[in-house]
Amino acid sequence: MANTYAANFGDVVKHSVLCEVVVRERPPRYLESHGGRLVYDLAGLTPGPGGVWDFLEVASDDDDLNRSIYAELIRRDAGTRHNPGKYPGSIALAAERLPAESDVLAFELVPASATELAEGLAAMGRSATVEVADGLTGVCERARPGDLVLLDPFHVHVRGEAFSSVEAFAMLATRGVSTMLWYAIYDPSEPDEWIADSIPSPVPRGWSARLVGDATEGGLAGCGFLTAHLCSESEAAAGAIIEALARALSPVRRGLRVE
């Protein structure tokens with residue numbers, strides 16, 4: 001489904017981590033469960049506290065964020081608050097930094113968005129397949145070891161045709177697929193026991209983090225990650241960028257911290 005909350009705090013966090021992981025994993029194939037659009041018009045969006053405009057302002061004074069891959073990519077077309085440009089979706093960001101020979105496989109339920117994705121990736125010279133289908137079922141059926149999968153649902157526990165995102169993560173991790181699950185935190189007091197309750201203990205998990213504040217701002221209190229089978233360099237880079245975001249964005253998101 002097309003993301004009407006593009007460029008908000010959740011996207012900044014998700015995409016900052018994704019960019020660092022993609023350049024270190026260099027997978028031969030990249031899969032996304034919820035494709036969305038390739039590019040968003042920032043003039044029609046309100047990113048809110050900790051969104052892309054706040055990120056660009058704080059990044060100029062923070063060495064870690066200033067030299068991040070995400071900052072490099074979004075600066076090219078984002079423009080400014082007063083003269084907004086374009087914001088790349090996760091597939092566009094990944095496609096910019098995947099090896100030239102890597103393939104992209106994305107799933108999207110909205111046909112118009114799927115068409116835009118396919119045409120945009122072709123224009124970038126990227127080998128890609130975009131399917132109009134339930135993405136959780138699609139990635140579970142198609143992903144194999146060596147791939148990199150991003151699961152980024154609006155609601156982590158909502159089931160698709162056959163699986164929830166948590167169930168898809170567990171299935172992919174069990175099969176040895178490098179997987180990132182991003183999830184939204186809508187309430188700062190929201191517990192995280194569901195992670196241990198929903199994912200079988202034998203499932204190998206790697207780096208995980210929750211970046212959460214004291215209040216719901218712009219629709220989210222925070223967001224989190226579960227990952228499996230990432231290389232140690234990816235895990236270290238993901239942890240470093242999350243710490244930098246917590247430090248730099250705390251003035252605009254009260255109590256922002258890494259858990």
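Predicted model: local features only at pLDDT ≥ 70, side-chain atom pairs only at ≥ 80, totals over all residues.
Q: How many salt bridges does a search of the whole structure find?
A: The pair E72 and R97 forms a salt bridge, and so do the side chains of D214 and R257. For the whole structure, the search gives a count of 17.

Q: How many residues apart in sequence are the parts tied together by E72 and R97?
A: The closest N and O atoms of the salt bridge between E72 and R97 are 2.4 Å apart. E72 belongs to helix 4 (residues 69-75) and R97 to helix 5 (residues 90-97), so the contact ties together parts of the chain whose separation in sequence is 25 residues.

Q: What is the relative accessibility of R97?
A: R97 lies in helix 5, a helix that is mostly covered, with 6 of its 8 residues buried. The buried residues there are S90, I91, A92, L93, A94 and A95. E72, the salt-bridge partner of R97, is partly exposed at 41%. R97 also counts as partly exposed, because its relative accessibility is 23%.

Q: Which strand holds R257, the residue that pairs with D214?
A: The side chains of D214 and R257 meet in a salt bridge of 2.9 Å, N to O. This pair links distant parts of the chain, 43 residues apart, with D214 in strand 8 (residues 208-217) and R257 in strand 10.

Q: What is the relative accessible area of D214?
A: R257, which meets D214 in a salt bridge, counts as partly exposed at 29% relative accessibility. D214 is partly exposed as well, with a relative accessible area of 37%.

Q: Which residues point the other way from S178, M180, W182 and A184 in strand 7?
A: In a regular strand, side chains alternate between the two faces of the sheet. Strand 7 (residues 178-185) is mostly covered, with 8 of its 8 residues buried. S178, M180, W182 and A184 point one way; the buried residues that point the other way are T179, L181, Y183 and I185.

Q: Which residue of strand 7 is the bridge partner of L151?
A: Strand 6 (residues 148-151) pairs with strand 7 in the parallel sense over 4 bridges. The chain passes from strand 6 through helix 8 (residues 165-174) to strand 7 in a right-handed β-α-β crossover. Within this pairing, the bridge partner of L151 is L181.

Q: Which residue of strand 9 is the bridge partner of L181?
A: Strand 7 and strand 9 (residues 220-228) pair in the antiparallel sense over 7 bridges. In this pairing T179 stands opposite A228, while the bridge partner of L181 is L226.

Q: How many residues of strand 9 are buried?
A: Strand 9 pairs with strand 7 in the antiparallel sense and is joined to strand 8, also antiparallel, by 6 bridges. Strand 9 is largely enclosed by the rest of the structure, because its buried residues number 9 of 9.

Q: What is the phi of A7?
A: Most residues other than glycine have a negative phi. A7 lies in the segment before helix 1 (9-25) and is buried, with a relative accessible area of 0%. Its phi is positive, near 75°.

Q: What is the positive phi of R26?
A: R26 is placed in the loop between helix 1 and strand 1 (29-32). Although R26 is not a glycine, its phi is positive, at about 45°.

Q: What is the volume of the second largest pocket?
A: The pocket is lined by 16 residues, and H34, L109, D134, P153 and F154 lie nearest its centre. The lining divides into 8 nonpolar, 5 polar and 3 charged residues. The volume of this pocket is about 280 Å³.

Methods: Residues numbered from 1 in each chain as written. Heavy atoms only, no water. Buried < 20%, exposed > 50% of the residue type's maximum accessible area, 1.4 Å probe, protein only. Helix = DSSP H or I, 4+ residues; strand = E, 2+ residues; numbered from the N terminus. Pairing = 2+ DSSP bridges. Right-handed = clockwise from strand over helix to strand, strands pointing away. Salt bridge = Lys/Arg side-chain N within 4 Å of Asp/Glu carboxyl O. 1 Å grid on protein atoms, 1.4 Å probe; cavity = no way out; pocket = protein on both sides within 12 Å on 5 of 7 lines; lining within 4 Å. Points joined across faces, edges and corners; volume = space filled by probe spheres on them. Nonpolar A, V, L, I, M, F, W, Y, C, P; charged D, E, K, R; others polar.
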